[in-house]
Amino acid sequence: MAGEEDWDLGPGAVEEMPKRVKDRRRSLTPVSVEARRGADRRIHERVLVDIEVDYKADETFLFAYITDISAMGIFVRTNNPEAEGTRLNLFFGVPQELGGHIVEVEGEVIWVNPFRPNEPTRQPGMGIQFVDLTSQQRDTVMKMVRTFAYLDDDDGQTVGNS
């Protein structure tokens, strides 16, 4: 066939086929951001939540709900998502068991699910990746994720209402 090379492996040599990995999520091979599709694009556990969020884009202040959160970002449910690449100032509350304060973080819209009135099962909104989190902000987000997911904290103590 054109473009194929004949490999002379020598007498007695056995050609080994590389092992195929069907599910990249179980592979240790990094997957480029461009190659991630569907479930493969997620590298951090997401947990479902219902958290009020205020956000600012340019000079516009808006209110919506976070419906899932992970260590790297959030999904904000809204019928009027911002365009991909938009930088946002996000303000949301930390649960009372973690101090009950307001967190302010920066985020960037990395994907949009537009509002489709004929498809009520698709949740409109925007996927937002956190940008330039301080170590304190990252710790707070991770504690929130653990609390909502009922995961064990690093010291083995159960966090959340489990």
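Visitor: Quick one to start: which residue does L88 stand opposite in strand 5?
Guide: L88 stands opposite G107 in strand 5, where strands (E, at least two residues) and helices (H or I, at least four residues) are DSSP runs numbered from the N terminus.

Visitor: Before I go on, what sort of model is this?
Guide: This is a predicted model, in which local features need pLDDT of at least 70 and side-chain atom pairs count only at pLDDT 80 or more, while totals for chains, interfaces and linings use all residues. Residues are numbered from 1 along each chain as its sequence is written, and side-chain values use heavy atoms, with hydrogens and water left out.

Visitor: OK, and how many helices and strands does the chain have?
Guide: There are 6 strands and 1 helix in the chain, and read from the N terminus the order is β-β-β-β-β-β-α.

Visitor: What do the 6 strands make?
Guide: They form a closed barrel that runs 1-2-3-6-5-4, with antiparallel pairing; two strands pair if DSSP finds at least two bridges between them. From one strand to the next the twist averages 45 degrees, an angle taken between N-to-C directions on a scale from 0 to 180 degrees, with axes that are lines fitted to C-alpha atoms, for helices over the stretch in contact.

Visitor: Back to strand 5, then: how many bridges join it to strand 6?
Guide: Strands 5 and 6 run antiparallel and are joined by 7 bridges, with W111 standing opposite G127 in strand 6. On the side of strand 4 (residues 87–93), strand 5 also pairs in the antiparallel sense over 7 bridges.

Visitor: And which residue in strand 6 is the bridge partner of V76?
Guide: That is M126, and the two antiparallel strands concerned, strand 3 and strand 6, are joined by 5 bridges.

Visitor: Where does the helix go?
Guide: Helix 1 lies across strand 1, strand 2, strand 4, strand 5 and strand 6, and runs at about 145 degrees to strand 1.

Visitor: Let's look inside. How many residues does the largest nonpolar core have?
Guide: It has 26 residues, and V76, L90 and F92 are those with the most contacts inside it. Such a core is a set of buried Ala, Val, Leu, Ile, Met, Phe, Trp, Tyr and Cys residues joined through side-chain atoms within 4.5 Å, and buried means under 20% relative accessible area, against over 50% for exposed and partly exposed in between, with a 1.4 Å probe and protein chains only.

Visitor: Which element gives the largest share of this core?
Guide: Strand 1 does, with 6 residues, although helix 1 (135–149) and each of strands 1 to 6 supply at least two residues.

Visitor: What is F92 in contact with?
Guide: Leaving aside neighbours within four places in sequence, the contacts of F92 (heavy atoms within 4.5 Å) include I51, V53, I66, V105, F130 and M144.

Visitor: And I128, buried or exposed?
Guide: I128 lies in strand 6 and counts as buried because its relative accessibility is 3%. Beyond four places in sequence, its contacts include M72, V76, L88, L90 and V109.

Visitor: Changing topic: how many aromatic pairs are there?
Guide: A search of the whole structure finds 2, where rings of Phe, Tyr and Trp (its six-membered ring) pair if their centres lie within 6.5 Å, and planes under 30 degrees apart count as stacked, over 60 as edge-to-face and the rest as tilted. F63 and Y65 are edge-to-face, at 5.3 Å centre to centre with 75 degrees between the planes, whereas F75 and W111 are stacked, at 5.3 Å centre to centre with 20 degrees between the planes.

Visitor: Why does the F75 and W111 pair tie together parts that are apart in sequence?
Guide: F75 lies in strand 3 and W111 in strand 5, so their pair links parts that are 36 residues apart in sequence. F75 is buried, at 5% relative accessibility, while W111 is partly exposed, at 26%.

Visitor: Last one: where is P114?
Guide: P114 sits in the loop between strand 5 (102–113) and strand 6 (125–131) and is partly exposed, because its relative accessibility is 37%. Apart from neighbours within four places in sequence, P114 is in contact with P81 and P124.
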